[in-house]
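Reader: Hi! I'm new to this one, could you walk me through it?
Author: Happy to, let's look at it together.

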Amino acid sequence: MHSIFRVQDIKPVRHRNQLYEVPLALTNANDPQLVALSNSIRQDAFSNAEGWSSLCTILSALGQHSNAEQIYNNRLDQETDPHVRHSLQRNLAIIHSKNGAYLTALQVFEESIIIDEKALPSNHPDLASSYNNIGLVYSDMGEYQRALSSYEKALAIQQQILPSNHPDLASSFNNIGLVYSRMGEYQRALSSHEKALAIREQILPSNHPNLASSFNNIGAVYSRVGEYQTALSSFESALAIREQILPSNHPNLASSYNNIGLVYSRMGEYQRALSSHEKALAIREQILPSNHPDLASSYNNIGAVYSRVGEYQTALSSFESALAIREQILPSNHPDLASSYNNIGLVYSRMGEYQRALSSHEKALAIQQQILPSNHPDLASSFNNIGLVYSDMGECQTALSSHEKALAIREQILPSNHPDLASSYNNIGLVYSDMGEYQRALSSHEKALAIREQILPSNHPDLASSFNNIGLVYSDMGECQTALSSYEKALAIQQQILPSNHPKLTSLQELMTLLYCKLNSY
């Protein structure tokens with residue numbers, strides 16, 4: 001073991017600006033907390049990998065999937081033992097999945113599990129591992145019911161053969177929570193993540209990285225339901241653990257700063273969001289190769305903040321930096337490329353460059369239609385984005401057609417109270433309003449509101465958006481008093497969650513002033 005010290009205190013040196021005294025105490029291999037943490041990390045880090053497989057696991061963690069794939073293929077060419085080949089093929093399938101080649105990965109995993117089911121007892125841990133891998137691929141493909149089924153098969157085996165506080169059970173609960181979150185079933189997601197956390201708190205030291213991972217996933221759920229303060233608290237708990245045990249340039253610290261930045265952005269605190277994302281980027285630029293996918297992710301998130309504050313050229317530059325990395329390292333039909341094209345399209349749309357926006361969204365859609373099943377949620381998102389552009393161009397019928405395609409996919413695969421359904425109803429309502437079909441617009445907005453009231457906290461910004469849109473329809477119908485009532489509900493929410501100088505507050509107050517003037521003139 002190398003020399004490791006405990007930081008006992010940090011105190012400023014008197015009369016010496018920016019100098020601090022840091023007393024250190026030498027620890028040793030018998031320190032119980034250090035031993036527990038080291039053993040846990042040793043067990044977690046590549047515990048089932050040996051030799052070349054360990055190297056490939058590390059390369060994959062660094063984002064060098066192509067190099068890992070090349071090594072696995074070379075090993076397959078040389079290996080004759082069928083059991084070793086079987087293992088190599090499964091590892092290679094994991095790399096295929098990370099490269100977005102989901103169908104190839106799925107074929108390998110399904111062939112593998114057929115072999116395992118014949119050769120192994122029904123409760124063998126390798127079967128649980130195979131079901132888990134299949135679940136990961138289905139989740140990435142957006143086939144959440146199949147993913148959930150696979151994860152639950154893995155969990156059933158593990159519950160049969162493992163003690164109730166085994167770390168693999170925590171991992172399965174974690175995976176199930178991630179799927180439920182993507183399905184919009186946030187209470188079930190939270191329950192699963194809390195089960196994972198309970199196991200980890202029971203068996204792991206308080207500063208173990210897997211605890212940070214659980215806090216991170218719980219924070220992500222709270223963020224999705226609009227409980228931003230609770231989300232922020234969870235993300236900060238994850239960050240506190242990581243700051244305690246990891247070097248200051250560790251990629252997991254970057255991940256924590258990234259997540260905190262996303263919450264601040266949703267809270268409308270864009271300067272704090274930008275600061276967090278820039279911290280994440282600084283770490284990643286320091287430790288990762290210049291074409292690493294996590295750098296693309298940072299550029300993407302920074303672009304999203306600049307887009308929200310109306311700095312569209314800066315946003316576009318960030319999104320194009322992300323795209324340049326992804327084009328360099330990913331296959332031409334990778335879903336992350338589609339994501340970049342979608343983000344660029346959203347910026348062009350906000351800049352009023354609708355043809356460029358449409359071109360970008362259509363590139364995204366073309367990739368998605370090539371690699372994803374026809375009912376994948378990402379296809380719905382692309383149809384939605386295309387619909388928004390056509391709406392901005394005044395082509396209401398084409399916009400409506402795109403939004404209805406998005407809705408059809410979402411109704412097919414999502415639970416009836418999923419927030420993306422509310423988003424579709426909202427966008428269809430906006431198009432009907434532009435067409436002057438106010439009753440249909442009102443009906444769509446009320447469907448959106450009904451879903452949001454069912455699943456979101458009472459001060460969520462999407463509720464404010466629904467009340468605002470309903471107010472706009474009533475105002476267009478000349479029902480000023482009813483419109484004012486809706487605007488007042490929207491304003492009450494926005495005043496709770498937005499800073500007092502936020503442009504949304506100013507805009508809504510101006511609309512309300514106009515309506516008050518109309519009412520007083522009657």
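**A first look**

Author: The protein chain has 24 helices and four strands; these are DSSP runs numbered from the N terminus, with helices (H or I) of at least four residues and strands (E) of at least two.
Reader: Thanks! How compact is the protein chain?
Author: Its radius of gyration, taken over C-alpha atoms, is 26 Å, close to the 24 Å from the globule rule for 522 residues, so the chain is as compact as a globular protein of that length. That rule is 2.2 Å times the number of residues to the power 0.38.
Reader: What should I know about the model itself?
Author: This is a predicted model: local features need pLDDT of at least 70, side-chain atom pairs count only at pLDDT 80 or more, and totals for chains, interfaces and linings use all residues. Residues are numbered from 1 along each chain as its sequence is written, and side-chain values use heavy atoms, leaving out hydrogens and water.
Reader: Got it. What share of the residues counts as buried?
Author: Of the 522 residues, 48% are buried, meaning under 20% relative accessible area, while exposed means over 50% and partly exposed is in between (1.4 Å probe, protein chains only).
Reader: Let's zoom in. Is Ser139 buried or exposed?
Author: Ser139 is buried, at 5% relative accessible area. Ser139 belongs to helix α6, residues 125–141.
Reader: And what does Ser139 touch?
Author: Leaving out residues up to four places away in sequence, Ser139 touches Tyr144, Ala147, Tyr151, Val179 and Arg182; contact means heavy atoms within 4.5 Å.
Reader: Which of these makes a polar contact with the side chain of Ser139?
Author: The side chain of Arg182 does, at 2.5 Å. A polar contact is a pair of N or O atoms within 3.5 Å; within protein, one must be able to donate a hydrogen and the other to accept it, and residues adjacent in sequence count only if both atoms are side-chain atoms.
Reader: New topic: where is Pro419?
Author: Pro419 is in helix α20, residues 419–434, and counts as buried at 18% relative accessibility. Beyond its neighbours within four places in sequence, Pro419 contacts Gly184, Tyr186 and Ile455.
Reader: How far is Pro419 from Arg452?
Author: They are 33 residues apart in sequence, and their C-alpha atoms are 6.7 Å apart.
Reader: Last one: is Gln244 buried or exposed?
Author: Gln244 is exposed, at 54% relative accessibility, and sits in helix α11, residues 228–245.
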